[in-house]
Amino acid sequence: MSDAFRTAYGRPAECAWHAPGRINIIGEHTDYNEGFALPAALPLGVTAQVAARDDGMVRASSVQDDDVVTVPIADLAPGSVQGWAGYVVGVVWAFREAGHRVPGLDIVVDGSVPIGSGLSSSAALECAVAGAVDDLFDLGSDPADLIAVARRSENDYVGVPTGALDQSASVLCREAEALFVDFRTMRTRGVPLDLDGAGLRLLVIDTQARHQLVDGEYARRRAECSRAAELLGVPMLRDVDDDELPGALGRLTDPVLQRRVRHIVTEDARVLRTVQVLEGQGDPRAIGAYLYASHVSLRDDFEVSCRELDLAVDTAMDSGAHGARMTGGGFGGSAIALVEDGDTDAVTEAVMDAFDAAGLTAPVVFAMQPARGAHRLEG
Ligand code: ADP
Ligand code: MG
């Protein structure tokens with residue numbers, strides 16, 4: 001365990017949790033349509049160290065930020081703490097809202113997930129804090145409770161209207177597996193993704209692009225999806241099957257809504273086919289075609305890609321990737337590429353060169369294997 005806690009507060013931490021960021025292998029913008037997704041945990045995450053206080057205060061600091069925030073737990077209300085510390089004290093608020101008594105505590109967080117790159121540093125932060133607070137006060141939460149508390153911090157305390165994908169992935173993922181999530185039933189299961197054993201790697205390409213469109217366009221996509229479902233007379237776009245798609249498109253007159261529906265329906269189908277390949281012990285290389293088809297659909301039908309993401313994906317494909325796609329909400333952030341272990345350097349170089357030639361900021365590229373979800377750190 002790092003010395004960060006002692007450095008900040010001059011006493012030892014009583015317990016520490018780690019929670020990872022995530023990539024999404026496939027299944028984008030499907031969570032709020034009650035569809036399917038297949039995230040996997042990054043080997044990068046956030047560590048939260050905690051120790052109890054008995055004065056009703058919560059104090060939070062981050063190794064990545066100079067601010068130290070101290071507030072009475074009784075005064076916490078949505079939005080009452082702004083900035084990064086809101087995600088942290090929002091978890092304490094959410095535990096209190098769920099009926100738990102939280103006497104007071106000091107928290108230090110230390111993260112390695114690039115912030116704002118679509119790799120969900122925010123969920124890693126919330127889930128690490130949720131696990132640590134639950135553990136410290138023996139609140140008896142199960143994984144679903146931790147996910148709910150982390151989500152409430154982001155959705156209701158900070159006020160960012162995200163779906164359940166990020167927190168589910170951060171809590172439930174396991175090493176060498178992806179996590180199949182059905183957002184209607186919230187049932188999940190681990191799906192084998194032993195890239196190491198297959199001689200493969202996932203390259204994560206953080207494009208460094210962060211376009212201002214993100215929040216407004218995300219809200220607009222959600223509204224378009226619910227409007228389309230309403231026009232089609234179904235509760236959610238999840239309820240339109242793959243083979244009903246032509247009929248559904250015929251009943252919509254707005255070409256924008258037609259494109260949105262086509263993305264969601266075909267994306268759900270691609271997630272199911274990807275899971276079928278991986279669970280059938282098939283060659284993981286075979287999912288590459290679904291990854292690229294997902295990207296094309298997000299680019300052309302859902303219209304949430306951007307120049308940097310397209311360049312990363314197309315360059316990776318041209319230099320030997322089995323598949324590549326944007327991952328996360330879009331309009332910047334990161335792409336992933338499925339590559340042979342021996343090709344990681346060549347693909348990385350090709351992407352760096354392409355960005356350089358286009359006059360774009362150099363991306364940050366790293367290779368990964370699916371890692372473990374939220375857990376207590378011993379010692
Ligand atoms: P993403 O989740 O894609 O990284 P978000 O905008 O959802 O991007 O969340 C990023 C925010 O999470 C940061 O602006 C900051 O408030 C908070 N955050 C993430 N990691 C840390 C950290 N290590 N220390 C403090 N705040 C963090
Ligand atoms: Mg986030």
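I began with strand β8 (residues 200-210), which is joined to β11 by five bridges, the two strands running antiparallel. I then looked for a particular pairing and found that L202 has M368 as its bridge partner in β11. I keep in mind throughout that this is a predicted model.

Next I traced the whole sheet, which is open and built of four strands in the order β9-β10-β8-β11, with antiparallel pairing. I noted β9 (323-327) and β11 (364-368) as the edge strands, since each of them pairs on one side only. On average, neighbouring strands of this sheet are turned by 20° against each other, if direction is ignored.

I then asked which helices lie against these strands. Helix α10 (residues 288-300) lies across β9 and β10 (332-340) and runs at about 40° to β9. Helix α12 (residues 344-357) also packs on the sheet, where it touches β8, β10 and β11, and its direction makes about 15° with that of β8.

Finally I turned to a pair of helices, α3 (residues 121-136) and α5 (residues 165-172), which pack with their axes 9 Å apart and at an angle of about 55°. The two helices, α3 and α5, are therefore oblique to each other, and I recorded their crossing as right-handed. On the α3 side the contact is made by A123, A124, E126 and C127, and on the α5 side by D166, Q167, S170 and V171. Sorting the residues of this contact between α3 and α5, I wrote down four nonpolar, two polar and two charged.

Notes: Residues numbered from 1 in each chain as written. Chains lettered and ligands numbered in written order. Predicted model: local features only at pLDDT ≥ 70, side-chain atom pairs only at ≥ 80, totals over all residues. Heavy atoms only, no water. Axes fitted to C-alpha atoms, helices over the stretch in contact; angles between N-to-C directions. Parallel < 35°, antiparallel > 145°, perpendicular 65-115°, else oblique. Left-handed = near helix turned anticlockwise from the far one by under 90°. Contact = heavy atoms within 4.5 Å. Nonpolar A, V, L, I, M, F, W, Y, C, P; charged D, E, K, R; others polar. Pairing = 2+ DSSP bridges.
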